[in-house]
Amino acid sequence: MFGRDPWGGPLEISNADSATDDERSRNLQDLDRAALSSSRQLDETQQSWLLGPAEQKKKKKYVDLGCIIVSRKIFVWTVGTALACGLLAGLIILIVKTVPRHHHHPPPPDNYTVALHKALMFFNAQRSGPIPKHNNVSWRGNSGMKDGLSDDSVKKNLVGGYYDAGDAIKFNFPMSFSMTLLSWSVIEYSAKYEAVGELDHVKEIIKWGTDYLLKTFNSSADTIDRIAAQVGLGDTSKGPGPNDHYCWMRPENIDYPRPVYECHSCSDLASEMAASLAAASIVFKDSKTYSQKLVHGAKTLFKFGREQRGRYSPGGSDPSIFYNSTGYWDEFVWGGAWLYYATGNTSYLQLATTPGLAKHAGAFWGGPDYGVFSWDSKLAGAQVLLSRLRLFLSPGYPYEEILRTFHNQTSIVMCSFLPMFNSFNRTKGGLIELNHGRPQPLQYVVNAAFLASVFSDYLEAADTPGWYCGPNFFSTSVLRDFAKTQINYILGNNPQKMSYLVGYGNRYPKHVHHRGASIPKNGVKYNCKGGWKWRDSHKPNPNTIVGAMVAGPDRHDGFHDVRTNYNYTEPTLAGNAGLVAALVALSGEKSGIDKNTIFSAVPPMFPNSATTSSTMETLRWCLAIFWPHLSWKHVLQFLSI
């Protein structure tokens, strides 16, 4: 068989049976090479077809990296340089790691942070019940281990909680307010607490209080008919007898009866306790089971307070002598606001913003004590708390009118704190007289310092540089300056040159009106009257109650470090809670709050009217038509209106 060689000349292909395919292939290749040697010179493409790749006698001048082809010299130089740089960098790191160097320590904590550490210690000293091993107050031990159980008329486990002051009574009204205030400070300033290593400590303090409050009523029920309002008695007007004010003895040695005072119509106490549990539920929101338990208890308490109207401290009762409540309307606003933040249920917001309720609470009239925030009066705090809602969420109708009123009233209260206004007098040393010269002023001062600081931070977080007092505009820094001057007074910048916080500074009260601190832990059990010698002693307390803020000076900046005069030297739970809140707000180099945590349970707000459904349908219709022409930015802006 003959074919035609495409390069010129005949090509015979043998079909002999003896030839194999391999032999024929080799013959063909031999013929091709012979033709190449005898015919004209072929170009490179033709050679590649027939001969395959040519032998590489020299190294390639280029390197194919897939995406690019680079010069071999450049490639080798680049790789070599990279390796050299890597070795050099490793050598430098090795030298830096091995050579000794001076460590730059963080700057020392500011005065407010130092004071904060100490102020929190006071709560450790006030614990009732089984004291944990890490309590860090060596002279305290287990006490009140039969509270509630030893009262035959109650037979309820009321072990735990906190003693109120220098005595051994557990007053639930100021105790629950103290826990509310501490929780509020944690919600706003948890980052600051964490930065100074106190977040776990303050949360443990709060939980010690809320665990006890849950014991004082049937917290698992939806409806209750009573609350244990107080453990222990202090009334000595009926003659001598062993009780928590007549006897001067360590709480660990108490052997006299401690009756329980229950209330069946106590709207003020129930609403304050509801506020306390609701606020704490936000603090412990990451512990879902406990948080839900707190919320349920708060709902039950608030329902009880609303249905069974009355003050917890009627005339003649033991609480009326020491922590008499002047009304419960402010607690309704306060408790309703906290329950709204804890649950997102707008029924609580509707209640807290009811004009009639606000009127009864005194929101629309002045009076000498207007703007004073305390364990008895919650209105100023509630107004600041609800102003927060207006500043950051702006819920609009139907809440806007009353929220605007609360915001305006808050601005007026802040104006009253400034020295250029005459709402409150000041001592010559500069202490604001929120209680108009009456004894024990510091507990009111620290609460005002906290409100001023937190409201200042609200304004800054809302990009608002200040607020108006009539025609005059004041910057937020003025509020912080007010708070600082008041706290600085307490920490020693006063005519006495004395710190009113025990353990802070070089000079502080040494004769604190406090049973546990004034009696040595020496193994001797002093009876009811046996401890009087320690009460009346002129010697300093054998135990230092670190972090206790005493009652404070008089209206002339005078102070008497006398154990028997509680108006000067007795600390209280509520007073220290306000101090802690003010200190954490002022501590650190930067101001600022956590804008979002308090709104964790609050759902997005939409108009609450009969047209909501049709409005949403219209919104969906508009988006369906204009979607191709809207960027995501425009869509989000539209949805946020």
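Predicted model: local features only at pLDDT ≥ 70, side-chain atom pairs only at ≥ 80, totals over all residues.
The protein chain has 22 helices and 9 strands, and 49% of its 641 residues count as buried.

- On H16, the buried set is Thr476, Leu479, Arg480, Phe482, Ala483, Gln486, Ile487, Tyr489 and Ile490.
- Those buried H16 residues pack against quite a list of partners: helices H4 (111-125), H14 (400-416), H15 (442-461) and H20 (573-586), plus strands S8 (466-469) and S9 (472-475).
- After H16 comes Gly492, with a positive phi near 135°.

**The nonpolar cores**

- The largest nonpolar core has 161 residues, and those with the most contacts inside it are Trp184, Ile227, Trp338, Tyr341, Phe450 and Ile487.
- H15 is the top contributor to this core, giving 13 residues.
- Leaving aside residues up to four places away in sequence, Phe450 touches Leu181, Trp184, Tyr189, Gly578, Ala581, Ala582 and Ala585.
- There's also a second, separate core of 5 residues, with Tyr246, Cys247, Met249 and Tyr256 among them.

- Take the contacts between residues at least 6 apart in sequence: 71% of them join residues at least 24 apart.
- The chain's accessible surface comes to about 32000 Å², and carbon and sulfur atoms account for 56% of that.

- As background, most residues other than glycine have a negative phi, and most peptide bonds are trans.
- Tyr397 and Pro398 are joined by a cis peptide bond, with omega about 0°; Pro398 sits in the loop between helix H13 (379-392) and H14.
- Asn136 isn't a glycine, yet its phi is positive at about 65°. You'll find Asn136 in the loop between H4 and strand S5 (170-171), and it counts as exposed because its relative accessibility is 60%.
- Lys497 is another non-glycine with a positive phi, about 55°. Lys497 belongs to the loop between H16 and helix H17 (515-518), and at 59% relative accessibility it counts as exposed.

Conventions: Residues numbered from 1 in each chain as written. Heavy atoms only, no water. Buried < 20%, exposed > 50% of the residue type's maximum accessible area, 1.4 Å probe, protein only. Helix = DSSP H or I, 4+ residues; strand = E, 2+ residues; numbered from the N terminus. Contact = heavy atoms within 4.5 Å. Core = buried A, V, L, I, M, F, W, Y, C linked by side-chain atoms within 4.5 Å. Areas by Shrake-Rupley, 256 points an atom, 1.4 Å probe, with all protein chains shown as cover.
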